[in-house]
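This briefing goes with the sequence and structure shown below. Please keep both in view while reading the notes that follow.

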Amino acid sequence: MANNNEVRLQKFMAEQGVASRRKSEDLIRAGKVKVNGHVAQIGQKINPRKDLVTVGKQKLTNVKNRKMVYIMLHKPRGYVTTVSDELGRKTVMDLIPDVTERVYPVGRLDKDSEGLLLLTNDGSFTNCMTHPSHNYAKVYRVTVRPSVNDEILYNLRNGIEIDGRMTAPAEVTVITTEENRVVLEFILHEGRNREIRKMCEFQGLEVARLKRISIGSLKLGMLPQGKYRELSDQEVKKLLRSAGHTSEK
């Protein structure tokens, strides 16, 4: 008979703020997770009331009532979007030293990109915001060189083959045009790694600056570069709704 107290290990890890479910699965595959002293397996179920789960040297406790934290950061260029970096590079965690809860990034911005980045300790929120089936818009301001023409715009809007797979259609608008410099606005509904940079490179464009200015209903606004603030309950609920999630926070 099934035990109603059992949950999948990666779901439990996400709920405890370790990482998203997908990242938790990566940790399990890498052999870094143990249940009652034994190396965990993908698909394994645990009873949070009875089983001891460790990730590295960290013991996970079943804390359902811990404070959930949702942070909006204006990431500058030069920081990697990871909790730690084995190469010793600056990470986005260096920008939130006074946040006492253990949070981690929701998605990523590459080292040379800037703008809106979310961080949280809510694994369910992260899974909702990053799952491919949840169709929410991300808006970017992208400065490219030297110039664009109608053919380039058509290709960017309708899809380009990257790594053997076509990109999804995107909304691409010319914001300003100067000599050897164009500012474009991209609205994407998928989050492939370095997607905009690869699309532009394929069209012979150099990306001089890439800044994310909104995710779903949340806009970066006037938040200064390198600074952060906590989201309101209403902002979190709106984000979840824009991602197609109907339940309340």
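Lys 67 counts as partly exposed, at 47% relative accessibility; buried means under 20% relative accessible area, exposed over 50%, and partly exposed in between, with a 1.4 Å probe and protein chains only. The model is predicted, so local features need pLDDT of at least 70 and side-chain atom pairs count only at pLDDT 80 or more, while totals for chains, interfaces and linings use all residues. Residues are numbered from 1 along each chain as its sequence is written, and side-chain values use heavy atoms, with hydrogens and water left out.

**Salt bridges**

- A search of the whole structure finds 13 salt bridges, each being a side-chain nitrogen of Lys or Arg within 4 Å of a carboxyl oxygen of Asp or Glu.
- One of them joins Lys 67 to Glu 230, with 3.9 Å between the closest N and O atoms.
- This pair links distant parts of the chain, 163 residues apart: Glu 230 is in strand E17 (residues 228-230), and Lys 67 is in the loop between E6 and strand E7 (70-75).
- Helices (H or I, at least four residues) and strands (E, at least two) are DSSP runs, numbered from the N terminus.
- Glu 230 is partly exposed, with a relative accessible area of 42%.
- Asp 110 forms a salt bridge with Arg 194, and their closest N and O atoms are 3.5 Å apart.
- That pair also links distant parts of the chain, 84 residues apart: Asp 110 is in the loop between strand E8 (104-106) and strand E9 (114-120), and Arg 194 is in the loop between strand E14 (181-188) and helix H5 (195-202).
- Asp 110 counts as buried at 15% relative accessibility, whereas Arg 194 counts as partly exposed at 37%.
- Asp 163 and Lys 198 form a salt bridge in which the closest N and O atoms are 3.1 Å apart.
- Asp 163 lies in the loop between strand E11 (161-162) and strand E12 (165-166) and Lys 198 in helix H5, so this pair ties together parts that are 35 residues apart in sequence.
- Asp 163 counts as exposed at 66% relative accessibility, while Lys 198 is partly exposed with a relative accessible area of 27%.
- A network of salt bridges links Glu 25, Asp 26 and Arg 29.

**A four-strand sheet**

- An open sheet of 4 strands has the order E3-E2-E5-E6, with antiparallel pairing; two strands pair if DSSP finds at least two bridges between them.
- Its edge strands are E3 (38-39) and E6 (58-60), each of which pairs on one side only.
- Strand E5 (residues 53-55) runs antiparallel to E6 and is joined to E6 by 3 bridges.
- Val 55 has Gln 58 in E6 as its bridge partner.

**Cysteines**

- A search of the whole structure finds 0 disulfides, a disulfide being a pair of cysteine sulfur atoms within 2.5 Å.
- Cys 128 is buried, with a relative accessible area of 2%.
- Cys 200 is also buried, at a relative accessible area of 0%.

**A loop contact**

- Glu 179 is in the loop between strand E13 (171-178) and E14, and counts as exposed at 74% relative accessibility.
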